[in-house]
Amino acid sequence: MGLILASSSPRRKRILEDLGYNFECISPNIDESNSSNLKPIDYVVDVSERKGSHVWNSNQGSYVLSGCLLYTSPSPRDATLSRMPSSA
């Protein structure tokens with residue numbers, strides 16, 4: 001079981017490298033537009049969830065890190081709900 005960074009962010013990659021993690025980068029090709037006109041915090045969580053889910057669906061034997069969300073089995077949705085910020 002490995003660690004995958006679901007991002008092309010050089011900053012996130014550098015942070016994990018500096019911390020000494022072995023990981024793979026997979027950049028999900030998803031639409032990042034805010035077509036639902038979400039509030040900024042909701043938009044960030046939505047994009048992160050969609051990126052992580054997209055990568056996790058093809059790599060279910062791995063841990064997938066996407067933005068501020070970590071996906072593990074059995075369900076990316078369950079993992080997301082347990083880590084979502086509470087609404088203000």
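Visitor: What makes the pair Arg 14 and Asp 18 a salt bridge?

Guide: The term asks for a side-chain nitrogen of Lys or Arg within 4 Å of a carboxyl oxygen of Asp or Glu, and the closest N and O atoms of Arg 14 and Asp 18 are 3.1 Å apart, so the pair meets the rule. This is a predicted model, in which local features need pLDDT of at least 70 and side-chain atom pairs count only at pLDDT 80 or more, while totals for chains, interfaces and linings use all residues. Residues are numbered from 1 along each chain as its sequence is written, and side-chain values use heavy atoms, with hydrogens and water left out.

Visitor: Why is Arg 14 called exposed, and why is Lys 51 called buried?

Guide: Buried means under 20% relative accessible area, exposed means over 50%, and partly exposed lies in between (1.4 Å probe, protein chains only). Arg 14 has 51% and therefore counts as exposed, as does Asp 18 with 54%, whereas Lys 51 has 15% and is therefore buried.

Visitor: Which residue meets Lys 51 in a salt bridge, and what does the pair tie together?

Guide: The partner is Glu 32, with the closest N and O atoms 3.3 Å apart. Glu 32 lies in the loop between strand 2 (24-25) and helix 2, and Lys 51 lies in helix 2, so the pair ties together parts that are 19 residues apart in sequence. Helices (H or I, at least four residues) and strands (E, at least two) are DSSP runs, numbered from the N terminus. Glu 32 has a relative accessible area of 36%, which means that Glu 32 is partly exposed.

Visitor: What separates Arg 50 and Asp 46 in helix 2?

Guide: They are 4 residues apart in helix 2, and therefore about one helical turn separates them; their side chains meet in a salt bridge at 3.0 Å, N to O. Arg 50, at 28% relative accessibility, counts as partly exposed, and so does Asp 46, at 23%. By this rule the count comes to 3 salt bridges.

Visitor: What makes a residue part of the lining of a pocket?

Guide: On a 1 Å grid over the protein atoms alone, a pocket is an open set of points where a 1.4 Å probe fits, with protein on both sides within 12 Å along at least five of seven lines, and a lining residue has an atom within 4 Å of a point. The largest pocket is lined by 14 residues, and Lys 51 is among those nearest its centre. Helix 2 (residues 40-58) gives the most to this lining, with 5 residues.
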